[in-house]
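I opened this entry to log what I looked up, one item at a time. The coordinates come first, then my notes.

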Amino acid sequence: MAGLLITFEGPDGAGKTTVLSAIVKQLTQDYGSRLVVTREPGGNQISEAIRHIILDPKNTEMDVRTEALLYAAARRQHINETIAPALAANQVVLCDRFVDSSVAYQGAGREIGEDAVYEMNQFATDGLTPDLTLYFDVPSEVGLARTRTREKAVDRLDAEALSFHQRVRASYLRLAQANPERIRTIDATQPLATVIAEADQLVRRAITQA
Ligand SMILES: Nc1ncnc2c1ncn2[C@@H]1O[C@H](COP(=O)(O)OP(=O)(O)OP(=O)(O)O)[C@@H](O)[C@H]1O
Ligand SMILES: [Mg+2]
């Protein structure tokens, strides 16, 4: 497939969404028509319905493997409806969260096993792997403190214990270490302007080298 898939990853409150929207403003001037900005679950009807089931605070009885399968199902549909067509049209897809989130949150956070979740997602993605992943790294306490200042209802995953979030971050760090070519780590405790500048530079470099 032509095009470029760039994913934004990191723990809750790392700044993924904030940085993505900031760099899109800057990148649009140079690459406007080539950019496709999306986030899981991707805005399609099927994936949004699945996401609603996952995040509903009433679903306290949800099995951890059910949760992992639902995320993968929503991802599959998002790929089919949005990501794959954009890549086929040689566009640059910037996606807020992707497979690494499942490995970190379900594999490590929920303790299903990182390898099992990765393999299950290989089926869902049919092997589609990002060309570049920006990993925004923050200690769990910092990320969680930031999400608490955000005005938004707390969902089922936000309400998890600190130890859950620490397993998630440790998993992300392992992923980054195991995939140094694909995953570039950005210290997201830096001032927001610095984080935005680093992300902007990495994305531009990927586009011009592609
Ligand atoms: N480098 C930074 N320094 C200080 N505050 C930041 C920084 N980056 C982001 N923030 C603030 O932290 C909060 C969380 O940021 P954001 O929603 O972008 O995180 P996220 O990674 O998308 O989280 P989630 O995974 O929960 O969606 C926002 O209020 C944002 O303004
Ligand atoms: Mg976000």
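This is a predicted model: local features need pLDDT of at least 70, side-chain atom pairs count only at pLDDT 80 or more; totals for chains, interfaces and linings use all residues.

I started at Pro-41, which sits in the loop between strand E2 (35-39) and H2.

Next I looked up a backbone angle at Arg-97. Its phi is positive, about 75°, although Arg-97 is not a glycine. I placed Arg-97 in the loop between strand E3 (92-96) and H4. Most residues other than glycine have a negative phi.

The mean pLDDT of the protein is 94. I also read that 95% of its residues reach 70 or more. Where is confidence lowest, and where is it highest? The lowest is helix H6 (residues 140-149), with a mean of 91. The highest is strand E4 (residues 132-137), at 99.

How many cavities of 30 Å³ or more does a search of the whole structure find? I got one. About 50 Å³ of space lies in the largest cavity. I listed its lining: Glu-40, Pro-41, Ser-47, Arg-51, Ile-54, Tyr-71, Ala-74 and Arg-75. Two elements give two or more residues to that lining, helix H2 (45-55) and helix H3 (64-88). By class I have four nonpolar, one polar and three charged residues there.

The axes of H3 and helix H4 (residues 99-109) come within 11 Å. They cross at roughly 175°. An angle over 145 degrees counts as roughly antiparallel, so H3 is roughly antiparallel to H4. On the H3 side, I found Glu-67, Ala-68, Tyr-71 and Arg-75 making the contact. On the H4 side, I found Val-99, Ser-102 and Gln-106. The contact has three nonpolar, two polar and two charged residues.

Last, I looked at an open site, the second largest pocket. About 280 Å³ of space lies in it. I read 19 lining residues for this pocket. Which of them lie nearest its centre? They are Asp-100, Tyr-118, Leu-175, Asn-179 and Arg-182. Strand E1 (4-9), H4, helix H5 (114-125) and helix H7 (162-178) each supply at least two residues of the lining. I logged the classes as eight nonpolar, five polar and six charged.

Conventions:
Residues are numbered from 1 along each chain as its sequence is written. Chains are lettered from A and ligands numbered from 1 in the order in which they are written. Side-chain values use heavy atoms; hydrogens and water are left out. On a 1 Å grid over the protein atoms alone, a cavity is a set of points where a 1.4 Å probe fits but cannot get out, and a pocket is an open set with protein on both sides within 12 Å along at least five of seven lines; lining residues have an atom within 4 Å of a point. Grid points are joined across faces, edges and corners, and a volume is the space filled by probe spheres set on the points. Helices (H or I, at least four residues) and strands (E, at least two) are DSSP runs, numbered from the N terminus. Ala, Val, Leu, Ile, Met, Phe, Trp, Tyr, Cys and Pro count as nonpolar, Asp, Glu, Lys and Arg as charged, and the others, Gly among them, as polar. pLDDT is the predictor's confidence in each residue, from 0 to 100. Axes are lines fitted to C-alpha atoms, for helices over the stretch in contact, and angles run from 0 to 180 degrees between N-to-C directions. Angles under 35 degrees count as roughly parallel, over 145 as roughly antiparallel, 65 to 115 as roughly perpendicular and the rest as oblique. Contact means heavy atoms within 4.5 Å.
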